[in-house]
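Me: Hi! Could you walk me through this one with me?

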Amino acid sequence: MTRLLAAALALIGLTACAPPSPTASAGKLVVAGYGGSYQQAFEQAVLPDFEKTCGCQVTYIAGSSTDTVAKLKAQKDAPQIDVALIDDGPQAQAAEAGLLAPLDPAAVTRLPKVEKVARLAGDVGVGFAMTATGLAYNSKWYADNGLPAPKKLSDLADPKLKGKVVLPSISNTYGVGALMLAAREGDGSVESGFAGIKKVAANAFTFDTTADVSNYFLQGQAVASVWGGSRVETLADKDFPIKFVYPEKGAIPLLATANVVNKAPHADLAQKFVNALLEPAIQQKLAAEGYDGPTVSDATLDAALAKRVVGSEQAAGMTPLDWKDVNGQRAAWTDQWTKEVEQ
């Protein structure tokens, strides 16, 4: 097209048709979310299509949920992140601290399709995927060493597992989950939880802060852990003999939430991104790539895939944590954990 023709078209209000392309004016969306296998699945299943649709560029910053919330706090007066993908526990803290903005129903038009369990107070954020916190174990190692599959957290205190267990740190959501699993095996109190977790900690090779313990399994440093079902399935796809167990007292639901950061540099684009995560096609891709259970009512999965994600049957057997109560006591628990568990 010549400059003259372009000018003529502009004068009569016409523009040439062309697919959107990433430009400075279109914006550069910054998404902070989970690392490791989750990041790989997300970059394959979500980001390319969204970039084509929005004509923008997306930068993904990997980190644990607590790391992301720490960044949001540090940037509160001048946010550099548009969308935060964080676990439901840290999300509750971030929302209470005013770090997150309500979703705009005019932009996030998929909200009515979200299951009740994934709708958050005031629609400040939304659950876009669900997995479970339970037990992970190397099935080959267990069989070779004559150990039955674990059924409950206390089974990881078996002396044969000395130095072979990796436990999550209390600093990440899986660590809170481990403490709560121990409490449920006891009398339900946090003190019984600490008593139980200390017995398992005696077998710990290390306490992981990243929420991704894949390498410990792959390198043979650990054969059992408290971990998420979706991450276990992702590692299993690498032909690694790992299996996930829903503990006898019930696994703990873990909701991955998508949130627009308060005063985000590209707030409108961030709202559209959250809406995109709730589309059935994206929900199905996230399930296929990362084994996260869908949170919208109109997403359908094939039978083989449905068996590997949290479905309605598994969800019915899980009791959510009261994150407002948990977060109110978390500082004290962290202090006690540091003194009594990670010694």
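Reply: A salt bridge here is a side-chain nitrogen of Lys or Arg within 4 Å of a carboxyl oxygen of Asp or Glu. This is a predicted model, where local features need pLDDT of at least 70, side-chain atom pairs count only at pLDDT 80 or more, and totals for chains, interfaces and linings use all residues. Residues are numbered from 1 along each chain as its sequence is written, and side-chain values use heavy atoms, with hydrogens and water left out.

Me: Is lysine 152 buried, exposed or partly exposed?

Reply: Lysine 152 is partly exposed at 28% relative accessibility, and aspartate 155 is partly exposed too, at 27%. Buried means under 20% relative accessible area, exposed over 50%, and partly exposed in between (1.4 Å probe, protein chains only).

Me: How many salt bridges does the structure hold?

Reply: There are 10. One of them joins the side chains of arginine 231 and aspartate 212, at 3.9 Å from N to O.

Me: And are arginine 231 and aspartate 212 buried or exposed?

Reply: Both arginine 231 and aspartate 212 are buried.

Me: Switching topic, which residues of the largest nonpolar core touch the most other members?

Reply: Those are Phe42, Leu85, Phe128 and Phe273, in a core of 70 residues. Such a core is a set of buried Ala, Val, Leu, Ile, Met, Phe, Trp, Tyr and Cys residues joined through side-chain atoms within 4.5 Å.

Me: Nice, thanks!
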